[in-house]
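Good morning, everyone. Please have a look at the model on the screen, and then we will walk through it together.

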Amino acid sequence: MTIVVSAAEEFVPPSAPDFWQPLVGDGAFAITRTMVVMVLVTIGLAVVMMLATRRLGVVPGRGQFRLEGVYGLVRNSVGRDVIGSAHFKPYIPLLLTLFTLILVNNLMGIVPPVQFPTMSRIGFPLALALGVYVVYLVAGVRRRGLVGFLKNLVPGGLPFWVVPVVFVLELVTFLVTRPVTLTLRLFGNMFAGHILLLLFALGGEYLLLSGEGLLKLVAIPAFLMFFLFSAFEILIAFLQAYVFILLASVYIAEVYADEH
Amino acid sequence: MEGNLAIIGYGLSAIGPGVGIGLIFAAYVSGVARQPETRGVLQTIAILGFVLCEQLAIFGIALAFVFSG
C-alpha cells in the first residue's frame with residue numbers, strides 16, 4: 001500500500017493490546033483502568049439510587065420520577081412481558097441491577113474524563129453472564145428437579161431416534177452456547193465500538209500532524225466521523241444493556257414455560 | 001502499515017449477518033405498517049432476532065482479533 005505521507009514514524013492502527021492499561025503493578029494482580037472505572041461506576045450508582053429513593057412519596061419528586069422511568073422499563077416491558085406476570089417478581093432486582101450497571105458502564109466509553117468502556121475487557125461481561133447462567137440453571141433445577149429439567153430439554157412428540165441428537169444439542173445450547181454468546185455480545189459490541197472511535201481519533205491525529213499539504217484536510221472528515229460514532233455509541237450502550245436483560249429474562253422465562 | 005488477512009476474512013463474514021439483520025428489520029417495518037397496534041410486541045421480537053443474528057458478526061470480530069494476533 002503506497003501512502004503519500006512522508007512517514008517520519010509509521011501509523012500504528014489501534015489493536016487489542018491497547019485495552020490493557022494497568023495503573024498499579026503489572027501481571028495478574030495489577031489494578032487496571034477498567035477496574036477503577038467499574039468501582040467508580042458502582043459507587044456512583046449506589047449513591048444515586050440511595051439519594052433518589054430516600055424520600056419516597058406517592059407524588060414522586062424529580063429524582064424519583066426518573067428512577068421510576070428506568071424501573072418501569074425493566075419491570076414492565078422486560079420482566080413482566082417476557083417472564084410472565086406469575087413468576088417475574090423475584091427476578092426484578094437482578095434485572096434492574098444488570099441493566100443500570102451495564103448501561104452506566106457502557107456510557108463511560110463516551111463520558112469525557114473517563115472514556116473507557118469497562119465491558120471492553122472480557123472479564124467483566126463474563127462475570128455478569130455467569131451470574132445469569134447460575135440463576136437460570138438453579139431456577140430450572142429447582143422448578144423441575146434435575147431429572148425433570150433434563151427431560152424438559154427435549155420437546156415431546158419427536159421420533160425416538162431423534163431424541164438423543166436433540167438432547168445433546170439442547171444441552172450444549174444450555175450449558176455452553178448461551179453464556180458464551182451473552183458474554184461475547186456485550187464484549188464484542190463495546191470493544192468494536194471503542195476500537196472504531198480509537199481508529200478515527202488516532203487516524204485523524206496522524207493525518208493532521210504527519211500529513212503533507214492537502215492530506216491534512218482529510219483529518220476533518222475523520223474527526224467528524226469520530227463525533228458521529230460517539231453519538232452512535234450512546235445508542236449502542238443503551239441497546240446492549242436492554243438486550244442483555246432481555247436475553248437474561250428470555251432464558252429465565254424458558255424455565256417457567258411448560259412447552260417449547 | 002501492514003494488513004492482515006484475518007480482518008479481510010471478518011469483512012467477508014460480516015456480509016451474512018448484515019443481510020440477516022436487513023431482512024429482520026424489513027419484516028418488522030412491514031409488520032408495523034400493516035398493523036400499527038402490534039408495534040410493542042413486534043419490537044421485542046425484532047430486537048431479539050437482531051441480537052441473535054448480530055451474534056455471528058460478533059463471533060467474527062472476536063475470532064478475527066484472535067487470529068490476527
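First, the ground rules. This is a predicted model, in which local features need pLDDT of at least 70, side-chain atom pairs count only at pLDDT 80 or more, and totals for chains, interfaces and linings use all residues. Residues are numbered from 1 along each chain as its sequence is written, while chains are lettered from A and ligands numbered from 1 in the order in which they are written.

Chain A, then. How many helices and strands does chain A have? Six helices and two strands. Here helices (H or I, at least four residues) and strands (E, at least two) are DSSP runs, numbered from the N terminus. Along the sequence, the order is β-β-α-α-α-α-α-α.

Now the dimensions. The C-alpha trace of chain A spans about 70 × 60 × 35 Å along its principal axes.

What about burial? In chain A, 29% of the 260 residues are buried. Buried means 20 or more other C-beta atoms within 10 Å of the residue's own; exposed means 12 or fewer; partly exposed is in between; C-beta atoms are placed from the backbone. Take A:A16, in the segment before strand 1 (22-24) of chain A. A:A16 counts as partly exposed because it has 14 C-beta neighbours inside 10 Å.

On to chain B. Chain B has three helices and zero strands. Its radius of gyration is 16 Å, well over the 11 Å from the globule rule for 69 residues, so chain B is more spread out than a compact globule. Of those 69 residues, 13% are buried.

Last, the core. A nonpolar core is a set of buried Ala, Val, Leu, Ile, Met, Phe, Trp, Tyr and Cys residues joined through C-beta atoms within 7 Å. The largest one has 49 residues, and A:I102 and A:F244 are among those with the most contacts inside it. Which helix gives the most? Helix 6 of chain A, with 12 residues.

In soluble globular proteins, nonpolar side chains tend to be buried together.

Conventions
The radius of gyration is taken over C-alpha atoms; the globule rule is 2.2 Å times the number of residues to the power 0.38.
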